[in-house]
Every structure is written in structure tokens, then in C-alpha cells.
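Here are my notes on the model, point by point. Please read them with the coordinates open.

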Amino acid sequence: MNLSNATKRQLYEVAVDHDTPLELRYKAARELQRKVGDNLICKYPSCTRKATSTFALVPLCGDHYDDIHAETIRYYRVTTKMQYAEREHYLKIAKLIPWSRINMGEVLPDGSVRRD
Ligand SMILES: [Zn+2]
């Protein structure tokens with residue numbers, strides 16, 4: 001598929017398709033981000049600033065992108081031992097991320113892991 005000719009819907013489908021190679025999924029996500037472009041408002045709760053980038057396809061202003069990006073780096077650093085429920089900023093947008101553990105049903109909205 002030529003991603004530059006794809007519709008936003010097609011790009012989204014590629015980005016969230018688990019059977020697609022990761023590199024292609026990232027390319028589709030970047031292309032989608034480019035096409036969505038301007039006029040988007042940050043999706044972080046109560047924020048009304050203009051979105052300047054996306055995190056996992058969720059439009060964010062620069063400050064909230066930086067918060068979530070820094071938190072994500074801390075979370076994935078092995079020595080941090082940070083729990084999923086401690087991802088304060090990420091959990092505020094997790095329900096908007098199609099492949100988040102919340103939307104996959106693995107984690108409850110408060111960040112605790114499902115036991116049932
Ligand atoms: Zn924001």
C-alpha cells in the first residue's frame with residue numbers, strides 16, 4: 001500500500017493492525033499524524049491548547065506530550081519498577097489509545113490489572 005495515497009481510515013487500520021509489521025504500523029501512524037495536521041486540540045483532560053504532536057495517535061499539546069513521553073521512558077526503564085497504575089499522565093489518555101491495555105480489557109480504568 002502506498003501510504004501517501006491512503007485515506008485517514010486506511011492509515012488508522014494499518015496502525016492498529018496487530019498482523020502488520022511494526023515498522024509499517026509506525027509509518028502509517030506518522031502519515032496519519034501528518035494528514036490530521038492542524039486544528040486539533042490536545043486530548044489531555046481539561047486542556048484546550050492546540051495539539052502539536054501525537055502520542056499513540058492521541059493529539060497532544062507540547063507540554064502534555066513531554067509529560068507522557070518522559071513518564072513512558074521512566075515506566076519502561078527496568079530499574080524504575082514503576083507500576084502501570086502509576087502512569088498518571090498516560091492513564092488520562094489511555095482510553096483514547098486503541099491498543100492500550102485498558103481498551104484491550106487487561107486493565108481497569110483506575111490502572112489496576114484485572115483479576116477476573
Ligand atoms: Zn495539553
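**Notes on the fold**

1. From the N terminus on, the elements of the protein chain run α-α-β-β-α-α. That is four helices and two strands. Helices (H or I, at least four residues) and strands (E, at least two) are DSSP runs, numbered from the N terminus. This is a predicted model: local features need pLDDT of at least 70, side-chain atom pairs count only at pLDDT 80 or more, and totals for chains, interfaces and linings use all residues. Residues are numbered from 1 along each chain as its sequence is written.

2. Overall dimensions: the C-alpha trace of the protein chain spans about 40 × 35 × 25 Å along its principal axes. Of the 116 residues, 16% are buried. A residue counts as buried if 20 or more other C-beta atoms lie within 10 Å of its own, as exposed if 12 or fewer, and as partly exposed in between; C-beta atoms are placed from the backbone. Among contacts in the protein chain with a separation of 6 or more, 28% join residues 24 or more positions apart. Contact means that the C-beta atoms of two residues, placed from the backbone, lie within 7 Å.

3. The chain is divided into domain 1 (1-36) and domain 2 (40-106). These bounds come from an automatic or database domain assignment. The domain centres, taken over C-alpha atoms, are separated by 20 Å. At the interface, six residues of domain 1 are in contact with five residues of domain 2. On the domain 1 side, α1 (8-16) and α2 (22-36) each supply at least two residues.

4. Which residues form the largest nonpolar core? There are 12: Cys 42, Tyr 44, Ala 51, Phe 55, Val 58, Leu 60, Cys 61, Tyr 65, Ile 68, Tyr 90, Ile 93 and Ala 94. β2, α3 and α4 each supply at least two residues of this core. Apart from it lies another core, of five residues, including Leu 11, Val 14, Ala 28 and Leu 32. A nonpolar core is a set of buried Ala, Val, Leu, Ile, Met, Phe, Trp, Tyr and Cys residues joined through C-beta atoms within 7 Å.

5. Helix α3 (residues 62-76) passes a length check. At 1.5 Å a residue, its 15 residues should span 21 Å, and its end C-alpha atoms are 21 Å apart, which agrees. The expected span is 1.5 Å times one less than the number of residues.

6. Which residues of α3 are buried? His 64, Tyr 65 and Ile 68 are. They cover an arc of only 100° around the axis, which puts them on the same side of α3. The arc is that of the directions from the helix axis to the C-beta atoms. On the other side, Ala 70 and Ile 73 are exposed. Cover for the buried residues of α3 includes β1 (53-55), β2 (58-60) and α4 (88-93). Leaving aside neighbours within four places in sequence, Tyr 65 is in contact with Ser 53, Phe 55 and Leu 60.

7. Tyr 84 sits in the loop between α3 and α4. Tyr 84 is partly exposed, with 16 other C-beta atoms within 10 Å. Not counting residues up to four places away in sequence, Tyr 84 touches Arg 101, Val 107, Gly 111 and Val 113.
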